[in-house]
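Grab a pencil and work through these exercises with the structure open beside you. Try each task yourself before you read its solution.

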Amino acid sequence: MPDGPRPQRSFHLHKFHGGLHLEDHKQESTARPLQTASLPGQLVLRLKQHIGEPNDPLVAVGDRVLRGQKIADTPERVAAPIHAPTSGIVIAIEDRPVAHPSGKSDRCIVIEPDGQDEAIEFRPVDVGSADRNTLLKHIREAGIVGLGGAVFPTSAKAETAAAHPIETLIVNGAECEPWITCDDILMRDRPEAVISGIRHLQRILEPGETLIGIEDNKPEAIAAMQRALDDAALDNTRLIPVPTIYPSGGEKQLIKILTGHEVRSRHLAFEIGLLCQNVGTCAAIGDALDRGEPLTHRIVTVTGTGLREPGNWWAPIGTPFAHLVDLAGGFVVERPEPIMGGPMMGFEVRLDAATVKASNCLLILNRDHRPEERECVRCGRCTDVCPAQLLPQQLYWYSRARQFDKAEEYHLFDCIECGCCAAVCPSHLPLVQLYRYAKSEIREQRRKAWKSDRARQRHEFREARIARQKAEEEERRRKKREALAKKKAAEGGKKPAKTDAADAVQAALERVKARKAAQQNTPKNTDNLTPAQQKQIDEAEARRRQKSTEGDS
Ligand code: SF4
Ligand code: SF4
């Protein structure tokens with residue numbers, strides 16, 4: 001077979017409902033090659049960078065850490081540990097502003113890099129001899145989460161999926177947000193790492209086929225990936241260019257495009273034999289197993305109309321956004337609006353917050369270009385473009401009125417926060433922000449209800465335990481009483497000890513009585529007893545002896 005990409009068999013693609021053709025802004029950041037970010041003065045690593053339980057710090061203030069050293073973890077299964085991106089000193093473990101739609105602060109480990117970039121010893125995994133569980137354990141230990149934005153711990157997702165027969169593994173290289181290019185650059189620069197990760201996932205999941213979906217506005221990435229795929233010669237694996245329509249990179253939308261299957265509301269893809277992983281996640285799996293390196297860096301697109309020199313940087317996780325702005329030449333607008341993610345799904349962040357594993361892009365727009373909000377004119381355009389086939393207008397009213405139960409009835413949690421509705425809204429309503437707010441309020445209410453349920457259950461359990469202990473104690477006492485009674489009953493035939501003792505007492509009393517009687521009638525001296533007195537004493541003594549003899553016999 002001649003060199004070059006294999007000819008592709010035709011592949012039937014499907015359409016999803018709604019969606020938009022958006023103005024492309026990929027060129028701004030792909031004009032320059034991938035750059036390596038310099039180290040900032042401080043790296044701020046949030047303890048919780050995944051969906052699931054937060055991590056606990058494994059280091060203390062003053063500790064020196066090395067690149068790749070695990071610095072935070074939790075015993076929970078649905079979690080991903082955090083690793084130091086370079087060597088340095090832990091100078092604080094405290095609340096810092098974090099990349100979150102609410103702008104809140106959260107617990108972070110702050111490392112001051114020492115510039116030596118000294119690393120722990122990385123041990124590649126012998127993938128050929130490792131079983132599925134060993135591979136999953138290494139993926140968890142490497143702190144890998146879904147890098148397409150979902151940040152669900154990859155080991156937990158793959159482990160759950162592996163318990164089901166997976167017919168199709170879908171690799172998501174669509175990257176449909178108009179300004180973001182980090183996956184594009186990754187596929188151009190490191191296609192072998194992506195393909196290697198796919199190979200490891202195939203070993204874990206044993207899918208019938210693997211489909212790599214890449215939007216057709218990334219010809220360089222498609223060519224590079226196809227070459228790497230041809231070199232690797234993976235079985236039943238195909239690269240499929242998909243039409244550039246937003247949001248084709250949404251998991252459910254890409255599944256629909258490539259397979260025609262709909263993942264129903266409140267269901268997961270693996271339930272119908274499908275599993276979707278982002279190309280960045282695949283590369284991280286490749287690095288973790290082939291080189292033993294945990295997830296400490298990622299490519300971040302730093303772009304937007306507000307920056308002098310947009311581009312892509314290979315940056316340590318925990319880099320403050322302000323440092324990325326400096327790397328991109330600083331602001332060119334008076335009132336910059338920093339957004340983590342793209343204009344469709346992103347949210348505003350503070351510049352003193354730092355990147356997390358989910359930080360695919362820092363977009364700087366001009367705040368002065370933000371259009372003014374007006375009242376909803378009930379035009380219905382939002383409904384036409386919603387890829388989740390929801391009624392965004394109703395969701396808007398109910399979320400705004402805090403009628404969360406109604407919003408749930410209208411399937412609020414099926415909203416993928418793609419922003420299509422907001423993009424076409426002539427009133428420029430902040431629809432996605434409202435949906436996010438409603439979702440977080442509902443989650444908070446549920447969390448509180450769950451906590452109070454747990455407290456009530458704990459109280460009931462304690463009461464039940466005390467009652468049980470009381471009953472057990474009473475039962476113990478009853479058994480003891482019964483045993484004593486039985487013992488007495490068994491000893492009932494003998495009774496001698498008690499009888500003898502009573503008789504001896506009786507005899508002693510009689511002796512005393514006789515002696516007193518004798519003394520009353522003179523007798524200070526027994527030599528002077530009358531015969532009657534002497535007889536009385538002798539008779540009493542004889543009776544005593546007789547009784548004593550009977551008792552002995
Ligand atoms: S697009 Fe905007 S104005 Fe039109 S119905 Fe939807 S929310 Fe209302
Ligand atoms: S943000 Fe939600 S409601 Fe709006 S179009 Fe996307 S899925 Fe539909």
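**Exercise 1: a histidine and its surroundings**

Find His25 in this predicted model and work out where His25 is found, whether His25 is buried or exposed, and what His25 is in contact with.

Solution. 
- Step 1: You'll find His25 in the segment before helix H1 (27–30).
- Step 2: Check its accessibility. The relative accessible area of His25 is 16%. Buried means under 20%, so His25 is buried.
- Step 3: List the contacts. Skip the neighbours within four places in sequence, and His25 is in contact with Pro178 and Trp179.
- Step 4: Look for a polar contact. The side chains of His25 and Glu28 are joined by one of 2.9 Å.
- Step 5: From C-alpha to C-alpha, His25 and Pro97 are 29 Å apart in space, and in sequence they are 72 residues apart.

**Exercise 2: sorting aromatic pairs**

How many aromatic pairs does a search of the whole structure find, and how would you classify Tyr396 with Trp397 and Phe404 with Tyr437?

Solution. 
- Step 1: Count. The search finds three aromatic pairs.
- Step 2: Classify one of them. Tyr396 and Trp397 are 5.1 Å centre to centre, with 55 degrees between the planes, and that makes a tilted pair.
- Step 3: Tyr396 is buried at 3%, while Trp397 is partly exposed at 24%.
- Step 4: Go on to Phe404 and Tyr437. Their ring centres are 6.2 Å apart and their planes are at 65 degrees, so this pair is edge-to-face. The cut-off you need here is over 60 degrees.
- Step 5: Locate both partners. Phe404 belongs to helix H12 (residues 404–409) and Tyr437 to helix H14 (residues 431–491), so the pair links distant parts of the chain, 33 residues apart.
- Step 6: Finish with accessibility. Phe404 is buried at 5%, whereas Tyr437 is partly exposed at 32%.

Technical notes
Residues numbered from 1 in each chain as written. Chains lettered and ligands numbered in written order. Predicted model: local features only at pLDDT ≥ 70, side-chain atom pairs only at ≥ 80, totals over all residues. Heavy atoms only, no water. Phe/Tyr/Trp six-rings, centres within 6.5 Å; stacked < 30°, edge-to-face > 60°. Buried < 20%, exposed > 50% of the residue type's maximum accessible area, 1.4 Å probe, protein only. Helix = DSSP H or I, 4+ residues; strand = E, 2+ residues; numbered from the N terminus. Contact = heavy atoms within 4.5 Å. Polar contact = N/O pair within 3.5 Å; in protein donor to acceptor, adjacent residues only side chain to side chain.
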